[in-house]
Amino acid sequence: MTHLEKLEATSVHILREAYREFKSLVMLWSIGKDSTAMLWLTRKAFFGHVPFPLVHIDTAFKIPEMIAYRDKLAREWRLNMIVGQNTQAIAEKRTFPDGKLSRLECCKVLKSEALKHTLSGDWTRFRFDHKLGKYVEDTNKEPYTGVIVGARADEEGSRSKERYFSPRDRDSEWDIGDQPPELWGQYKTDFAPGTHVRVHPLLDWTELDIWEYIGKENIPVVPLYFNRGDGKRYRSLGCWPCTAPVESTAGNVQEVIEELKTGKLANIAERSGREQDKEDSGGLETLRRGGYM
Amino acid sequence: MEQISVVVVGHVDHGKSTLIGRLLADTNSLPQGKLEQVRTMCVRNAKPFEYAFLLDALKDEQSQGITIDTARCFFKTEKRRYIIIDAPGHIEFLKNMITGAARADAAFIVIDAEEGIKENSRRHGYMISMLGIGQVSVLVNKMDLVGYKEEIFNEIRKEYTDFLGRLNVHPANFIPISAFKGVNVASTSDRTPWYRGMTVLEQFDAFEKGDVRASLPFRFPVQDIYKFTEDGDTRRIFAGTVETGKAEMGDKIVFLPSGKRSRINTIEGFNTPGRTIVAPGEAVGFTLQTQVYVKPGELMVKAAEDQPHVSPRFRANLFWMGHAPMIKDKKYKLKLGALRAPLQLVEILNVIDASDLTSVANKQQVDRHDVAECILEAPRPVAFDLSGKIRFTGRFVIVDNYEIAGAGIVLEDIRSEDSALRRHVSDREFAWESSGISSAQRTAAYGHSAKFVVFTGDHQEKTEVLAAALEKHLFSHNFKTYYLRMANVISGLDVDIKHESEVRDEHIRRLGELARILTDSGQIFITSLSNVDDYDLKTLELLNKPNEILVINVGENHFSHYQVALTLDVQAEEVHSLEKVAALLKEKKVILEYYL
Ligand SMILES: Nc1nc2c(ncn2[C@@H]2O[C@H](COP(=O)(O)OP(=O)(O)O)[C@@H](O)[C@H]2O)c(=O)[nH]1
């Protein structure tokens, strides 16, 4: 087996394990390359099907192409698409672009809080109705307790301490000191009622692995990842006020792979285009504790 | 490019993090400026520089000053890519050490030359052996603190070789190093002119990525069985990851423990070129030529190859990580391959202190961090291999109170007529207070003997209709009979059974006990069950002892070894089916000829 085949097999095993063990399971889909590769792995695991809902937190500041792409794939792959949003904060203009919050606070409000309440079901969820071809209010208010997320260990120091299956206690807090053992393909899949579980099928993947896999499998990704003539491309996608493209001429998957291999970006963190990380050296860590992935 | 994982273990403070930091620095694997950044931080905080700080990515880890988890670092040589796993040495973090080490292809054990072999040097050696990591190199570190003396190195080598030998671990070599000074790490040094062997870096490249899995018999734990009906999909797919061996389309296969047989029809995948063969490590799916009904957790093997063991009892070596000790007569959960089953500790044969390999005599429980040899038992047979033969299907974990609390390897199949259930039934019968009315007296008075009649089959409605019809029929002939509808028990007597994994077994157990009482009263006690297997029926038979059971199967017979008394055609008319049942009851002398 090649390196990519091994990574794929492990992720598939984890996804099947999650599906077998958790009744109310969802996958977070940020529309970025990682979670899109993860969605593809889901189709691998379930032989073309996606047997659980996908949750996207729409901050209302996503680059519009991302949303269009999301809905296109939702239609084509007949996804059970759920969208959550902090509609109140957006209506009250309690955001960074509106000048009321710092970047980090804005992330907390538009992402962490929206995610938390969308998962618990106490805020409105919008479900894509394939017959009507639009989003409608979801009648299902049951909490989702199993959440599959596309975190990678190489992205940030804090992630290298993760487990494939990580419990979060009721407040989504995360005790890094007492993570369950994982060995021989056995993960912690037993939980006291009410426990929230994060599942990380991509933990062992690197940025390069993801791109190579996207290339190998021909997975459709948002064109924002590629240079379209202006010598810039996005390396990591987020909200437009806080995400900057990198200098790059890579115009397709192969060229992105080549670029990564040359090491041109090796000393620049992948998320360096994400301004919120700069406000606090442990930015992601702080957000993770609050439940934002 | 090939990639292998190497774990670094050792007693706390013996220099694991320093070694890894040094390696990353010497192989230019650190992000630009990182080393300077850490050095500057140390100066600013008036702390001596430590390579460990490089690895301490987490804030609170730095504040605690110990590696609490298995951090992963990446580096590469010309030959291949490496994942280095830094396993914590502190005993409190044993389960983190195990998580890290279990993924490794090879291990470095670091020993402080000045301090010598410590408790966790030995404990980690033991874990390495138990985890089945075959390739080990021992690094005698901090040689600078002992003046690079060869005698000290030799002493440690002798003592530790001896210790590992007892565990059947044979290290590739011992390397004298100073992680801090970089001696024999990435390059040799004139500090150790007496040493001619490899550097640590050379040893990385010397590890082999041995994979024996392909040459072993085929083992496929059935993780799940999918039938997604969207978009007109009609496939019934047995999904899982191949542990060992190979299988091809058309191969005859057996599911264990159920013993059901079929042949591989297709190998399924999504966006993959069609395959006719599968190999170890692949996460695949199969469709079968003839449908069999098995549950997730069975082990699929090839009929033509060496078969695994199928037994409820086995002898194992295990280590315990749980906060609560492992004790007898408590129900645990076994996870072996894709199987999940209840598990009990039957007997502790020997508890070993892994830090010095001495036996702790007469222990009645397995405490945290103990290593124990014991006998374990599941209520029903489990399919496994002996770890000495196929370790991939001869190892398991034990869940206690939602946590993975133990992990072990199977040493021996202990086939025994004795089982927890048999012991229970014999204890119960010993304590049973017999009625003043004998069963012969009841038979004479009622005109029939007592019996437990179980209808079963795929067509739940049909079996229920027949059971109800039999009750009416017998009642109209003045027999003492009662048809127990399972729904009534589930929402009444059994309403407290909540724990998912126990539900079925506990329903069956209570039904068996109920049958024992009702047949004691002389009745013909009828019930209807769907979705039961061979072992459920055996359990009911045993629990109903000394009275008898009759199992009537409606429709296709899926039982592989349980002999049902009668199989009825689903299509048959009710009256005809009833006649057949009545004939059976006569034949079995439940009802006497002249009454019908
Ligand atoms: N003199 C000397 N000190 C060392 C050497 N290797 C590690 N140390 C020191 O030993 C202490 C513990 O090392 P560390 O790598 O944190 O140990 P760990 O707990 O095994 O990761 C630190 O203060 C290191 O600087 C060595 O080769 N020589």
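## A tour of chains B and A

Begin with the charges of chain B: the mean positions of its 74 positive and 82 negative charges lie 1 Å apart. Keep in mind as you look around that this is a predicted model.

Stay with chain B and show its C-alpha trace, which spans about 105 × 60 × 45 Å along its principal axes. Switch to a cartoon and you can pick out 15 helices and 27 strands in chain B. Next, colour chain B by burial: 55% of its 596 residues count as buried. If you display contacts in chain B between residues at least 6 apart in sequence, 72% of them join residues at least 24 apart.

Now move to chain A and select its eight-stranded open sheet, where the order is 5-4-3-2-1-6-8-7 and the pairing is mixed. Strand 5 (134–137) and strand 7 (165–168) of chain A are the edge strands, each pairing on one side only.

Zoom in on strand 2 (residues 54–57) and strand 3 (residues 81–84) of chain A, which pair in the parallel sense over four bridges. Here, pick A:H56 and find A:V83 of strand 3 opposite.

For the last stop, select helix 2 (residues 33–45) of chain A, which lies across strand 1 (25–28), strand 2 and strand 6 (146–148) of chain A. Helix 2 of chain A runs at about 140° to strand 1 of chain A.

Technical notes. Residues are numbered from 1 along each chain as its sequence is written. Chains are lettered from A and ligands numbered from 1 in the order in which they are written. This is a predicted model: local features need pLDDT of at least 70, side-chain atom pairs count only at pLDDT 80 or more; totals for chains, interfaces and linings use all residues. Side-chain values use heavy atoms; hydrogens and water are left out. Two strands pair if DSSP finds at least two bridges between them. Helices (H or I, at least four residues) and strands (E, at least two) are DSSP runs, numbered from the N terminus. Contact means heavy atoms within 4.5 Å. Axes are lines fitted to C-alpha atoms, for helices over the stretch in contact, and angles run from 0 to 180 degrees between N-to-C directions. Buried means under 20% relative accessible area, exposed over 50%, partly exposed in between (1.4 Å probe, protein chains only). Lys and Arg count as positive and Asp and Glu as negative; His and the chain ends are not counted. The place of a charge is taken as NZ of Lys, CZ of Arg, CG of Asp or CD of Glu.
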